[in-house]
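Please have the sequence and the model open while reading.

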Amino acid sequence: MQVRETPPFAPVLMESTRAIGYSLEAAVADIIDNSIAAKAGKVQLFFFPVDDAYVCILDNGSGMDDAQIDVAMQYGSKSPTDMRDASDLGRYGLGLKTASLSQCRVLTVVSKQGNTIIGRRWDLDYVIETGKWSLLVLDEDDLEQVPHIADLKEQENGTLVVWQNLDRLLMGEVDYEKSLGRKMDDVRQHLGLVFHRYLSGEAGIKRLEILFNGVKIKAADPFLLKKSTQAMDTETLIIRGKKILVKPYILPHISKMTEEEKNQLGGKEGIRKQQGFYVYRNKRLLIWGTWFRMMRQGDLSKLARVMVDIPNDLDDLWTLDIKKSHAIPPAEVRNNLQIVIDRIADKSKRTWTFRGKKETSDTVEHIWTRLKTPGSGVAYEINRDHPLVDQIIADVPEAHTKLESLLRYIERSIPLNQLYVDLNNDEKIENDTEIEEAEMRKTLEQMLSAVPNSILRLEMLERLEHTEPFCLYPDVLHDLKAEEES
């Protein structure tokens, strides 16, 4: 049996791998992964959209020597099956090259360690001309022409990645400057989300600062942790001796969110489309807004989000792709996640249905009651036993029939279709906001004034402690009870 070596033809392979499917924001994130692996605490992004447009990514990581930079520029420099450092966000040894050249035709990498500065360059047109893997080694004159080389020189260590001849990035655009500016906004949002745990300085990982043309990128917390509730205790799954952590959260009701928070949580797609699992690999967000086909994206589960932390040595089980933007949970993980889905979906439904008020007991007397009809449908009725209804009937007995007719007309005229549209659009419905304490106190005082003696007034206040919406104002009720008892 004969063996023949058939190395890939450099121009064809390099041009082909440009079509892997990187978006601009995913490509930039892939470069920052390398900065994190190099222990960088600061990454600066520079975008120059006019004339000889370029993109620069500068970090203050450990930098590279001659041997390391050659390996970094080599295609397939590290096997995906190799053991990696726990903080390493790479996998295939292709990210730097494929991510960069998916956006440009000239990739320059310059690295500094102490007083030594070295540079390498892939120029696709030169590779086509030579027909070989012709990696350019930059001399001092070449280095001086690299954008932002002065910024690198000011640092003790670090690496500068420069994209030039941005053919893919600007392909089909008439107004290059406007187009690049719009795409840069997408990059800001993407990085704020993907690296939010690094940007916020979460315990156990080194804090990262990312500056975009001199302006710091803010962390975009997709769980709104300061307001959300953790639906269940953290689940720990053990796969091949490695831990996968699962933390389910329920977002607060839409009426409890500011416009900024709603934009942060949903962005252009809306909160409904961003529900589901958020899978992190070494605290870096990989995939989000999916239930992995284990549940439909419904309106009643729109507030449910599940944080899943996986280590980098289980990549093969999740079939992680080169772009680190697609993964499929293995069967043993899916089985456990299904249990989480069933429990969190119910909690999200309750939060949404009850306007963000956590219902922990059926002893609360609600204004509206939900009834099953004989035809397996659902009907909503105003609670006829509510204290306000009782008091109106007691004050004006002859109005009982007219009041009953009015309540029935209200029940049958609920604008359900329009409400569905508004809620799907994540609109804040103004009459879904809480009543001010002063207004509630005035209402209660009016109700109490119609009650003949203090004993009955105290009994009414005790009943109202378990009646919606009065039970939401315990301080007001306590003050009124104290006044009656004094």
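What covers the buried residues of α17? The cover includes α15 (437–449) and α16 (454–464), where contact means heavy atoms within 4.5 Å. This is a predicted model, in which local features need pLDDT of at least 70, side-chain atom pairs count only at pLDDT 80 or more, and totals for chains, interfaces and linings use all residues. Residues are numbered from 1 along each chain as its sequence is written, and side-chain values use heavy atoms, with hydrogens and water left out. Helices (H or I, at least four residues) and strands (E, at least two) are DSSP runs, numbered from the N terminus.

**Helix α17**

- α17 spans residues 474–485, 12 residues in total, and reaches 16 Å from its first C-alpha to its last. That is close to the 16 Å expected at 1.5 Å a residue; the expected span is 1.5 Å times one less than the number of residues.
- V476, L477, L480 and K481 are buried in α17 (buried is under 20% relative accessible area, exposed over 50%, partly exposed in between, with a 1.4 Å probe and protein chains only). These residues are on the same side of α17 because they cover an arc of only 130° around the axis; the arc is that of the directions from the helix axis to the C-beta atoms.
- P474, D475, H478 and E485 are exposed on the other side of α17.

**Helix α16**

- In α16, R457, L458, M460, L461 and L464 are buried. They line one face of the helix, because they fall within an arc of 160° when seen down the axis of α16.
- The cover over the buried residues of α16 includes α12 (387–395), α15 and α17.
- N453 caps the N-terminal end of α16, with a side-chain oxygen 3.1 Å from the backbone nitrogen of I455.

**Sheet layout**

- An open sheet is formed by 8 strands in the order β5-β4-β3-β6-β2-β1-β7-β8, with mixed pairing. Two strands pair if DSSP finds at least two bridges between them.
- β5 (136–137) and β8 (215–216) stand at the edges with a single partner strand each, so one side of each has no neighbour in the sheet.

**β1 and its neighbours**

- In β1 (residues 42–48), 5 of the 7 residues are buried, so described as mostly covered under the cut-off of 20%.
- β1 runs parallel to β7 (residues 209–212), joined by 4 bridges, and L45 stands opposite F212 in β7.
- With β2 (residues 54–59), β1 pairs in the antiparallel sense over 6 bridges; Y54 in β2 is the bridge partner of F48.
- The hairpin of β1 and β2 has 5 residues between the strands, and D51 in the turn has a positive phi of about 50°.
- β7 and β8 run antiparallel and are joined by 2 bridges, with L211 opposite K216 in β8.

- β3 and β4 pair in the antiparallel sense over 8 bridges, and L107 stands opposite W122 in β4.
- Their hairpin has 2 residues between the strands, and G114 takes a positive phi near 65°.
- β4 is mostly covered, with 6 of its 8 residues buried.
- The antiparallel pairing of β4 and β5 has 2 bridges; R120 has V137 in β5 as its bridge partner.
- α3 (residues 66–73) lies across β3 (106–113) and β4 (116–123), at about 20° to β4. Axes are lines fitted to C-alpha atoms, for helices over the stretch in contact, and angles run from 0 to 180 degrees between N-to-C directions.

Terms used
Polar contact = N/O pair within 3.5 Å; in protein donor to acceptor, adjacent residues only side chain to side chain.
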